[in-house]
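Subject: Structure for your review

Dear colleague,

Please find below the structure that I would like to hand over to you.

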Amino acid sequence: MFWVLLLFLAWAFAGTACARLCLAAVRTDASDAAGVPDVPDAQAVAGRDLTLYEAAFLSGGPARVADVALVSMARERRLLLAHTGWATVVDPWGRDEIEQSVIGAIGPGGQSRIAPVRRRAADAEAVRRLADGLVHAGLAVREGSDTVASAVRQVRAAALAVAVLGSTALLLPGDTGTPRPLVGAWFALPLILTLSSLVIARFEVHPYSPWASPAGQRLLRALTGKPAGDERSFLTSVAVRGIRAIGEPELRAAFTHRDQPLRE
């Protein structure tokens with residue numbers, strides 16, 4: 001009857017994850033219905049447009065902020081991004097603290113691989129201050145907080161765990177004392193619970209962001225509805241959609257380049 005213990009574990013994983021998802025969805029709905037959160041800076045920021053860096057953070061987190069700064073500097077020829085994956089400084093004077101962080105991440109030699117530059121720039125103090133300001137304004141969620149996005153990830157992990165536990169139970173050697181089809185049916189119940197929760201979440205609370213609060217998502221939706229065509233619209237598209245929004249093949253190759261393994 002070892003399979004019964006596995007079934008208890010499966011139900012524990014599924015029940016805990018689905019309950020967390022329900023609670024996170026309820027909190028999100030309550031916050032969305034209440035409008036702008038009651039925080040000190042909320043009224044000040046609710047009526048203004050997001051900056052490019054703010055839109056980037058709310059859409060893709062710290063890494064997206066670094067990407068926008070890199071693309072902006074490259075488009076103005078103040079930074080060269082080679083399709084081979086190297087960044088070279090042309091103008092060593094950043095126009096804001098995010099750009100200064102990017103230049104600092106490249107290093108005193110003025111040249112570096114793009115991948116480590118993105119990581120170091122994303123971890124810079126300037127990006128942390130940007131994040132803190134958005135959290136204080138009620139537009140971003142605090143790191144480590146219980147969000148719908150994190151709950152959805154837990155439900156996905158629970159579904160995988162249930163499938164693994166069920167497979168293990170079905171593959172147990174010897175006679176389990178219960179017909180194997182019945183054992184599979186018992187494990188199908190928590191699997192159905194997790195998968196149906198994911199489907200409901202997809203239709204009811206999507207999009208779920210690990211970065212933007214409901215108020216921040218409303219501002220992002222307003223931002224994406226604005227007409228396109230100029231340079232700022234291009235950078236806004238990169239901020240919201242990431243490097244896949246870059247239409248220039250060589251510039252996109254600079255971000256997607258991977259070193260080839262050495263051959264003897």
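The notes below describe what was found, beginning with the confidence of the model.

This is a predicted model, in which local features need a pLDDT of at least 70 and side-chain atom pairs count only at pLDDT 80 or more, while totals for chains, interfaces and linings use all residues. Residues are numbered from 1 along each chain as its sequence is written, and side-chain values use heavy atoms, with hydrogens and water left out.

Confidence

The mean pLDDT (the predictor's confidence in each residue, from 0 to 100) is 82 for the protein chain, and 83% of the residues score at least 70.

Overall make-up

The protein chain holds 12 helices and three strands. These are DSSP runs numbered from the N terminus, with helices (H or I) of at least four residues and strands (E) of at least two. Of the 264 residues, 43% count as buried, where buried means under 20% relative accessible area, exposed over 50% and partly exposed in between (1.4 Å probe, protein chains only). Of the contacts with a separation of 6 or more, 72% are between residues 24 or more positions apart.

The three strands form an open sheet in the order 1-2-3, with antiparallel pairing; two strands pair if DSSP finds at least two bridges between them. Strand 1 (79–81) and strand 3 (111–113) are the edge strands, each pairing on one side only. Strand 1 and strand 2 (residues 86–89) are joined by three bridges in the antiparallel sense, and Leu81 stands opposite Ala87 in strand 2.

The cores

The largest nonpolar core has 51 residues, and those with the most contacts inside it are Leu58, Leu81, Val102 and Phe255. Such a core is a set of buried Ala, Val, Leu, Ile, Met, Phe, Trp, Tyr and Cys residues joined through side-chain atoms within 4.5 Å. Helix 4 supplies the largest share of this core, eight residues. Beyond four places in sequence, the contacts of Leu58 include Leu50, Leu134, Trp211 and Leu220. Another core, of 11 residues, lies apart from the largest one, and among its members are Leu7, Ala14, Val162 and Leu172.

In helix 12 (residues 249–256), the buried residues are Leu251, Ala254 and Phe255. Seen down the helix axis, they fall within an arc of 90°, so they line one face of helix 12; the arc is that of the directions from the helix axis to the C-beta atoms. They pack against helix 4 (62–75), strand 1 and helix 6 (114–122). On the other side of helix 12, Pro249 and Glu250 are exposed.

Val127, in helix 7 (residues 125–136), is buried with a relative accessible area of 3%. Leaving aside neighbours within four places in sequence, Val127 is in contact with Pro62, Val65, Ile98, Ala121 and Ala122. Ser101, found in helix 5, is buried as well, at 17%. With those within four places in sequence left aside, Ser101 is in contact with Ala124 and Ala126.

With kind regards

Note on methods. Contact means heavy atoms within 4.5 Å.
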